[in-house]
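Colleague: Could you walk me through this one before I set anything up? I'd like to start with the confidence and then look at pockets and helix packing.

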Amino acid sequence: MRKSHPIRRVVLAGAATVSGIVLLLSLKPASDPASASAAGGAAPPAAAQESAQGGAQAAGTSTSTGDAAQTQYGAVQVRITVVGNKITKSEAVQAPQGGTSTQKTELAVPKLNAAVVAKQSPDIDTVSGATYTSEGYKKSLQSAIDKANAAASAAKPSQGASAPAQGAASKTLTGTVAQTQYGPVQVRITVSNGKITKAEAVQAPSGGQSTQKTELAVPKLNAAAVAAGSADIDSVSGATYTSAGYKKSLQSALDQAGG
């Protein structure tokens, strides 16, 4: 039998080694970052990877926590999440607990949270059976919205930042409580472009004849405030104390608006 030449064996062995290396390189995973870059398929940006993992917050998102509102059954405190001047989430970080208070909180808070997102305003209905919790919730919510507006104005003073869900240059202001002989009166106004577009009494005397007088006077006072654009409005005949308290609280709200 003819023997293989030693040099021939060396050449064949070398060729086999080179072929093996080429084969291994061709099987290198395409997911390797360096390979992807070299092939022109850049790896996803770090921000996109972080967002997919839930680690990045959407641009323009902020949270605002209102002041705690004390009620007869405990404190209520609301926190809102705002994205692009829209309230996307509302939650109670404090609410009355213990006994029936826990039951009322569990009944009322989810409804109040949903109402805020739906209406984009503190002007939401009170939950039946949870009046104190509802009123405390709305008071803290108003505080949270006021803080969000202030933060937006400070961040973008040149653009005239708008209130969440209130439209451009619109804001809601609540006057201080005015005590009267028949009960407290508190007024809330909505101001757009320096003009009162809405006025309402968030507190007014009730019970017996007081309820009748409130139902008579408040709608007239609300309309007069919008028409006059000031607290210089006439008292309603037969509801002198309520009218005086209304005008006092209205003036307080106007003072917050800068006149």
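Colleague: Which elements of the chain have the lowest and the highest mean pLDDT?

Modeller: This is a predicted model, and among the elements of its chain helix α3, residues 46-52, has the lowest mean pLDDT at 33, while strand β4, residues 86-94, has the highest at 95. The chain as a whole averages a pLDDT of 78, with 71% of the residues scoring at least 70.

Colleague: And where does pLDDT stay under 50?

Modeller: That happens over residues 27-57, a stretch for which the model has ten contacts beyond four places in sequence. Residues 158-163 also have a pLDDT below 50, and there the model shows twelve contacts beyond near neighbours in sequence.

Colleague: Switching to pockets, how much space lies in the largest pocket, and which residues lie nearest its centre?

Modeller: The largest pocket holds about 660 Å³ of space, and of the 26 residues that line it, Glu135, Lys139, Gln186, Val202 and Gln203 lie nearest the centre. Two or more lining residues come from each of β2 (69-71), α5 (131-155), β7 (183-192) and β8 (195-203), with α5 giving the largest share, nine residues.

Colleague: What is the lining like by class?

Modeller: The lining of the largest pocket has ten polar residues, along with eight nonpolar and eight charged ones.

Colleague: Now the helices: at what angle do α6 and α7 pack?

Modeller: Helix α6, residues 209-228, packs with helix α7, residues 240-256, at an angle of about 35°, their axes being 11 Å apart, and the crossing is right-handed.

Colleague: Which residues make that contact?

Modeller: Leu221, Asn222 and Ala225 contribute from α6, and Ser243, Tyr246 and Leu250 from α7; by class, the residues of this contact are four nonpolar and two polar, with no charged.

Conventions: Residues numbered from 1 in each chain as written. Predicted model: local features only at pLDDT ≥ 70, side-chain atom pairs only at ≥ 80, totals over all residues. Heavy atoms only, no water. pLDDT = per-residue confidence, 0-100. Helix = DSSP H or I, 4+ residues; strand = E, 2+ residues; numbered from the N terminus. Contact = heavy atoms within 4.5 Å. 1 Å grid on protein atoms, 1.4 Å probe; cavity = no way out; pocket = protein on both sides within 12 Å on 5 of 7 lines; lining within 4 Å. Points joined across faces, edges and corners; volume = space filled by probe spheres on them. Nonpolar A, V, L, I, M, F, W, Y, C, P; charged D, E, K, R; others polar. Axes fitted to C-alpha atoms, helices over the stretch in contact; angles between N-to-C directions. Left-handed = near helix turned anticlockwise from the far one by under 90°.
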